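Subject: Handover of a structure and its findings

Dear colleague,

Please find the structure below, followed by an account of what was found in it. Kindly keep the model open while reading.

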Amino acid sequence: MAISHSGFELYSIGKMSRDGERCLKYQLIRLLIGSLGFKRDGRKYLQTVNYSDMPPSSQLLSPRDSFKAFIADYGVSYTPGRFIAESILDNRNFYKDILVEFLNYFQQTARQSHTAAFVYLYRVLERMFYSVPLIYVSTQTDYYNTFDDLKDILKEDKIGEMGLYKKMLGQGKFIDAAELDLTYAIDFSSSSNALKFYDVTERLVNNFDSKDRAAAELVIKFRNAGDLLSSLRNRFFHTRTGDGKSNIKAENMFDSDEYFSFVNPIFCSYLAQVILSISAVKYK
């Protein structure tokens, strides 16, 4: 049975699990753990990077075994078959939206159109700001504790959707606190534009874990990757003169596709980890 979403046709190497064609969450997980392909405009794409690993790795397991590994690694207490059956109706619009955004990201990446690919990553982040906290709260069975969680998170006035998401993530509600302190290295040293790229990035946020201009490398914690993604979007795609912001000029970026080829894999890993964790939390 063909599975189509917004012009993309999904295909599986090996047999799709029972009811997999009906379960959007399952399809998204399969895509993010590197065991699903898709077609568009007559071309085939195969996504083989396992973003459930930190850092990401090549997916070496069969589709069936890779999904079993996801179930085990994320502490899901259901069998793979029961997980699929139980999650068919889970937030279908949300998971379909995220699935299509990632499909567009992987297609643009395969085309080497890394600037366009970044746009889809930011669209994923924006969809998560409001939805992820609500999905987490909806999975909890102790409503008294859930109410206290929300009350603590919402103490600050005008926190906004991004603030709500950041506070819940930072409190280790659905991702282990130890993982939040794992780091990503942004290494521009292989580029002839290394120092340009380093300088552009270093000015975006003030919460890098370490900085080394001589090596053209910056290190950032998982918990802060979303801040970097959001700041990069704001400073690169907003160029209004006189707004008082240090927006990125085209001459400073020099080659945006090359630049985004360095940072996109980090942002994709960060977003995929959050999505995979929130997908599993209800069934732990």
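Phe118, Phe188, Phe197, Phe236, Phe237, Tyr259, Phe260, Phe262 and Phe267 form one aromatic cluster. Two rings are taken as a pair if their centres lie within 6.5 Å, where the rings are those of Phe, Tyr and Trp (its six-membered ring); planes under 30 degrees apart count as stacked, over 60 as edge-to-face and the rest as tilted. The structure holds 27 aromatic pairs.

Please note that this is a predicted model, in which local features need pLDDT of at least 70 and side-chain atom pairs count only at pLDDT 80 or more, while totals for chains, interfaces and linings use all residues. Residues are numbered from 1 along each chain as its sequence is written, and side-chain values use heavy atoms, with hydrogens and water left out.

Two aromatic pairs

A pair of aromatic rings is described by the distance of the centres and the angle of the planes. Phe67 and Phe83 make a tilted pair, with 6.0 Å from centre to centre and 55 degrees between the planes. This pair links distant parts of the chain, since Phe67 is in helix H2 (residues 63–73) and Phe83 in helix H3 (residues 80–87), 16 residues apart. Helices here are DSSP runs of H or I with at least four residues, strands are runs of E with at least two, and both are numbered from the N terminus. Both Phe67 and Phe83 are buried, where buried means under 20% relative accessible area, exposed means over 50% and partly exposed lies in between (1.4 Å probe, protein chains only).

The ring centres of Phe188 and Tyr259 are 5.7 Å apart and their planes are at 20 degrees, so this pair is stacked. Phe188 lies in the loop between strand E7 (183–187) and helix H9 (194–202), and Tyr259 lies in helix H12, so the pair ties together parts that are 71 residues apart in sequence. Phe188 counts as buried because its relative accessibility is 0%. Tyr259 also has 0% relative accessibility and therefore counts as buried.

Ser279 in helix H12

Helix H12 covers residues 256–280 and contains Ser279. Is Ser279 buried or exposed? Ser279 is buried, because its relative accessible area is 0%. Leaving aside neighbours within four places in sequence, Ser279 is in contact (heavy atoms within 4.5 Å) with Lys25, Ile29, Phe83 and Tyr95.

Charges over a ring

A charge sits over a ring if NZ of Lys or CZ of Arg is within 6 Å of the ring centre and within 35 degrees of the ring normal. Lys39 lies over the face of Tyr11 at 5.7 Å from the ring centre, and Lys44 lies over the face of Tyr11 at 5.1 Å from the ring centre.

The largest pocket

The largest pocket holds about 260 Å³ of space. A pocket is found on a 1 Å grid over the protein atoms alone, as an open set of points where a 1.4 Å probe fits, with protein on both sides within 12 Å along at least five of seven lines; lining residues have an atom within 4 Å of a point. Grid points are joined across faces, edges and corners, and the volume is the space filled by probe spheres set on the points. The pocket is lined by 14 residues, of which Leu46, Gln47, Phe106, Thr109 and Ala110 are the closest to its centre. Strand E4 (43–47), H4 and H12 each supply at least two residues of this lining, and H4 gives the largest share, 4 residues.

Backbone details

Most residues other than glycine have a negative phi, and most peptide bonds are trans. The peptide bond from Met54 to Pro55 is cis, with omega near 5 degrees, and Pro55 is in the loop between strand E5 (49–50) and strand E6 (57–58). Ser6 has a positive phi near 50 degrees and is placed in the loop between strand E1 (3–5) and strand E2 (8–11). Phe254 has a positive phi near 70 degrees; Phe254 is exposed, with a relative accessible area of 57%.

The chain as a whole

The protein chain has 12 helices and 9 strands. Of its 284 residues, 49% are buried.
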